[in-house]
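Visitor: I would like to learn how to read a structure like this one. Could you take me through it step by step?

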Amino acid sequence: MSKIIAICNQKGGVAKTTTTYNIATLSAMKGYKTLMIDLDSQGSLTISTGAEPLDFEINIATLFEEMINKKSKNMDVRNAIYPVEGIENLYLIPSIIDLATKEALLNTVTAKELTLKRILEKVVDDYDYIFIDCSPSLGNLTINALSASDYLIIPTEADYLSYRGLGDLLSVVDDIKELINSKLEFLGVIITKYESRLKDANEVLEHLQSKYNLLGIVKKSVSIKDGIYAGLPLVVSPKNEIAKEIKEEYEKVFNYIENY
Ligand SMILES: Nc1ncnc2c1ncn2[C@@H]1O[C@H](COP(=O)(O)OP(=O)(O)OP(=O)(O)O)[C@@H](O)[C@H]1O
């Protein structure tokens, strides 16, 4: 049985995709069979792997479409799983812009919150870890991710508005735990794009630390994009001191998940 981890925050640009790709890669590098699901119609995770969303005939939007049209018996999720080039043990269900229209159509599906869980049923035993890169909203797709997951990790920037936004997300999480998925556990937050010279960042860091389990602090650095044209995340070959520090923070987070 795999551990399924949702990487969520309804705020845009807080490094959900970057966090997902780096942590999932560390998992694969440790020899775990690891699946990433791109659950964002922008397809950033798919593009980050060096792939082109339009090149995949079957993707996460196709899978949702089959469920919406009640053809799920014809569909095999395994047809939507592709190996990530250059990283052994790492696999991806890619996304495409069409996912946005499928999200609205989900309202016609019975038990719509459980659609992703039903899609994944056939492969939950095939992977050690499944990481879901959520979209920046609290809509149907994010609720599907939380309803299908064992654990939630929230990447957030250390700024006041991001800090305030966490309360809204966690109240949705409470509802999902009560009504849909009692096993969902919030593991903690990762601070992303951290700049220690900013007073605001340090104040928010203290608040976050006192309120939540702090899993890691990832500094802001252009090094995060090293390897991007080759489709590889930073953790594969960190090139300088700050990149090595960032890798260590992501390792801390993965070790926490591994030993939890
Ligand atoms: N530690 C970091 N230092 C500097 N830039 C970073 C860092 N982490 C992520 N970024 C950059 O921030 C931008 C947003 O990151 P990312 O796409 O991972 O966020 P996201 O939360 O998935 O976005 P969206 O909400 O649009 O899905 C990207 O350009 C990414 O390269």
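Visitor: What covers the buried residues of H6?

Guide: A word on the source first: this is a predicted model, where local features need pLDDT of at least 70, side-chain atom pairs count only at pLDDT 80 or more, and totals for chains, interfaces and linings use all residues. Residues are numbered from 1 along each chain as its sequence is written. Helices (H or I, at least four residues) and strands (E, at least two) are DSSP runs, numbered from the N terminus. A residue is buried if 20 or more other C-beta atoms lie within 10 Å of its own, exposed if 12 or fewer, and partly exposed in between, with C-beta atoms placed from the backbone. Contact means that the C-beta atoms of two residues, placed from the backbone, lie within 7 Å. Now your case: the cover over H6 includes S1, helix H4 (99-105), helix H5 (115-120), S5, S6 and helix H7 (160-179). Helix H6 spans residues 140-148, and nine of its nine residues are buried.

Visitor: Which residues is Ala145 in contact with, leaving aside neighbours within four places in sequence?

Guide: Those are Ala6, Cys8, Leu39, Leu116, Ile132 and Cys134. Ala145 is also one of the buried residues of H6. A nonpolar core is a set of buried Ala, Val, Leu, Ile, Met, Phe, Trp, Tyr and Cys residues joined through C-beta atoms within 7 Å. The largest one here has 70 residues, and Ala145 is among those touching the most other members, along with Ala6, Ile60, Phe131 and Ile132.

Visitor: In what order do the strands of the sheet lie?

Guide: In general, strands of a sheet pair through backbone hydrogen bonds, either parallel or antiparallel. Two strands pair here if DSSP finds at least two bridges between them. This open sheet of eight strands reads S3-S4-S2-S5-S1-S6-S7-S8, with mixed pairing. Strand S3 (82-83) and strand S8 (214-219) are the edges, each pairing on one side only. Strand S6 (residues 151-157) runs parallel to S7, joined to it by seven bridges. Glu157, for example, has Thr192 in S7 as its bridge partner.

Visitor: Which strands does H1 touch as it packs on the sheet?

Guide: H1 touches strand S1 (3-7), strand S2 (34-38), strand S4 (90-93), strand S5 (129-133), S6 and S7. For angles, axes are lines fitted to C-alpha atoms, for helices over the stretch in contact, and values run from 0 to 180 degrees between N-to-C directions. The direction of H1 makes about 170 degrees with that of S5. Helix H9 (residues 241-259) lies across S1, S6, S7 and S8, at about 160 degrees to S8. Within H9 sits Lys252, which touches Leu215 and Gly216, not counting residues up to four places away in sequence.
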